[in-house]
Amino acid sequence: MTEPQTSTTSEWRGPSGRVAGGAAWTIAGKVAPMAITLFLTPYVLHGLGIVRYGLFILTSTIVGFLATIDGGIKGTAQRYFGVYAGAGDSATLTRTLLTLLLVISVFGVFVSGAGWALAPLIVSLLKMPTRYRDQTVFLFRALGVLLTFSFVHNLFVAILSAFNRFAVIVKMGFVMNLMWAGGLVATVHYRWGLWGVTGVFLAQQLMLIMTIMPFSLRHVRLSEAGLLSRGELKSFLSFGLRVQISNMSSLINLEFDTVTIGVGLSVRSTSIYNAGSNYAQNIASIAAAALPPVQTALANVYGRDGREAAYAQYRRFQHLWVGILTGLFACAAAAAWFGIVAWLGHDFSTGGFAAVIVLVGLGAVLTNSMLTVYCTVIGEPGLQSRYGVMSVLVNIALTVPLVLVGSLGVAAATTMGQLAGVLYLNRLVRRRLHPDLPNPLRSVPVGAAALSAGIVVALEVAIRPIVPQGGLGLVACAVPGILGLAVYVIAWRGARATWHDARAVARRIRAEGIRGGISSMVVSEK
């Protein structure tokens, strides 16, 4: 692969502003489907029935899981396309895209054929009423095609990400989510069963490709069409394998807890634990939605100006990132127990405590995620994969004794494994790349976090007698968390600086809209 050439110019316009605008769109793109699913789930569940809804969820889970096992192509494409966009190397970008489309097409033919042949055998292993078998076989036979469409879609998304076109990605995704929701409503209304679900899945994935492809191809020079050489493709796939190892490590850490609790304790304990774990993971997923624009900005800078410029930009991003995450996770952890108990009842009290423990680990991982993004951008994914393996090994080693404590012990083992991985990666980067690398955990504003968390807990205790049960209770418990965040910002930045920043943001919003306001917050932290 062609590595970037260092440029004498450094006038790469507005990486902070680009990140701010991109993050606003990607977070919106994460939250909107959650809202659609929240309202749609009861209707689809009762319309399809428990058995067919279970098969629907099983299929979604399988596709989602297999989509992460793509040889690291998605993450690697995002890195390389971003670098080529920064370097202005449209020729290599085009050749990389066409080569990957060819590889995925060949893979898709093989997987789809194997899936078509094996679907009846797989379905025969599932316990279900006989009347659902034919439509379930049809659904499972579509998995290979769905997976192939997903991989192709990811490539076109990677191109748009490389050129900071996050608004297009989110808008098209939102339209397709509405189409998906409408298709499921029609499936339930007209009693199409799993035949209809399969059609909705296929139509959504195909339309995702067809709607986003024209925008992506604007950044491709078909006049420079060609394929990567064998050496270039080998280099790309080798890079992808190391990214895949890192992704699998994260997936194992997330799922190992549930499996361990289900096997070692009880299914009931799994349900209670998952309520807290899912709460924590949803908080983390919203925060993590800001990372793709960061990777694009760093890759663009790296492609244009080289490693040192990218490292300087990383340092600026990292300072703000730690501050934002600390406040978010401190307030979310303080409200977790109260929110889960109000939402699901006192039987899920243990799940509330599990959420607090899981949030600590996920907070550390996300604090460190800016560094893992930087390592990927500069071509060092091996460091990230070693960090992931270390985290998994510590997690497994500690889970064996701590499972005797119960589900909270399992959660604690995972959190300690994640903290060990964070410290290990920082040590590796200091030793191999940047001896002056600051430890992100040492820059955590502990005082501001403790103050805001304490205020959130006090407010939660005060309003608890009047908090309703169910979903409204969860929403009500979020109010003290929001107030705590406001206190955190003042304690972290200082009252005068906060007032100055607020006025500056208001002026930028009036002049340039929401993106300008967010950008001004980012720039003020440089």
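User: What does a relative accessibility of 48% mean for the reading of Asp 436?

Analyst: This is a predicted model, and every value discussed here is computed from it. A residue is called buried under 20% and exposed over 50%, with partly exposed in between. Because its relative accessibility is 48%, Asp 436 counts as partly exposed.

User: With which side chain does Asp 436 meet in a salt bridge?

Analyst: The general idea comes first. Side chains of opposite charge can pair when their charged atoms come close. In this structure, Asp 436 meets the side chain of Arg 315, at 3.7 Å from N to O. The two partners belong to distant parts of the chain, 121 residues apart: Arg 315 is in helix 12, whereas Asp 436 is in the loop between helix 15 (407–432) and helix 16 (446–463). Arg 315 counts as partly exposed, because its relative accessibility is 35%.

User: How many salt bridges are there by this rule?

Analyst: The count comes to three, the rule being a side-chain nitrogen of Lys or Arg within 4 Å of a carboxyl oxygen of Asp or Glu. Another of them pairs Arg 95 with Glu 232, at 3.0 Å from N to O. Arg 95 lies in helix 4 (residues 90–124) and Glu 232 in helix 9 (residues 230–264), so this pair ties together parts that are 137 residues apart in sequence. Glu 232 has a relative accessibility of 15% and therefore counts as buried.

User: Which residue forms a salt bridge with Glu 380, and where do the two lie?

Analyst: The partner is Arg 432, with the closest N and O atoms 3.9 Å apart. This pair also links distant parts of the chain, 52 residues apart: Arg 432 is in helix 15, and Glu 380 is in the loop between helix 13 (349–377) and helix 14 (381–402).

User: How does the span of helix 11 stand against the expected value?

Analyst: The span runs from the first C-alpha to the last. Helix 11 (residues 291–305) has 15 residues and reaches 21 Å, close to the 21 Å expected at 1.5 Å a residue. Of these 15 residues, 13 are buried, so helix 11 is largely enclosed by the rest of the structure. Gly 306, which follows helix 11, has a positive phi near 95°.

User: Which residues make the nonpolar surface patch?

Analyst: The patch is made by Met 179, Leu 206, Met 207 and Met 210 and covers about 320 Å². Helix 8 (residues 193–217) gives the largest share, three residues. Met 179 lies in helix 7 (residues 166–189). Because its relative accessibility is 33%, Met 179 counts as partly exposed.

User: How many helices and strands does the protein chain have, and what share of its residues counts as buried?

Analyst: The protein chain has 19 helices and zero strands. Of its 526 residues, 50% count as buried. The accessible surface comes to about 24000 Å², and carbon and sulfur atoms account for 68% of this area. Among contacts between residues at least 6 apart in sequence, 82% join residues at least 24 apart.

Technical notes:
Residues numbered from 1 in each chain as written. Predicted model: local features only at pLDDT ≥ 70, side-chain atom pairs only at ≥ 80, totals over all residues. Heavy atoms only, no water. Patch = residues over 30% accessible without salt bridge, like charges linked within 9 Å, V, L, I, M, F, W, Y side chains within 5 Å. Areas by Shrake-Rupley, 256 points an atom, 1.4 Å probe, with all protein chains shown as cover. Helix = DSSP H or I, 4+ residues; strand = E, 2+ residues; numbered from the N terminus. Buried < 20%, exposed > 50% of the residue type's maximum accessible area, 1.4 Å probe, protein only. Contact = heavy atoms within 4.5 Å. Expected span 1.5 Å × (residues − 1).
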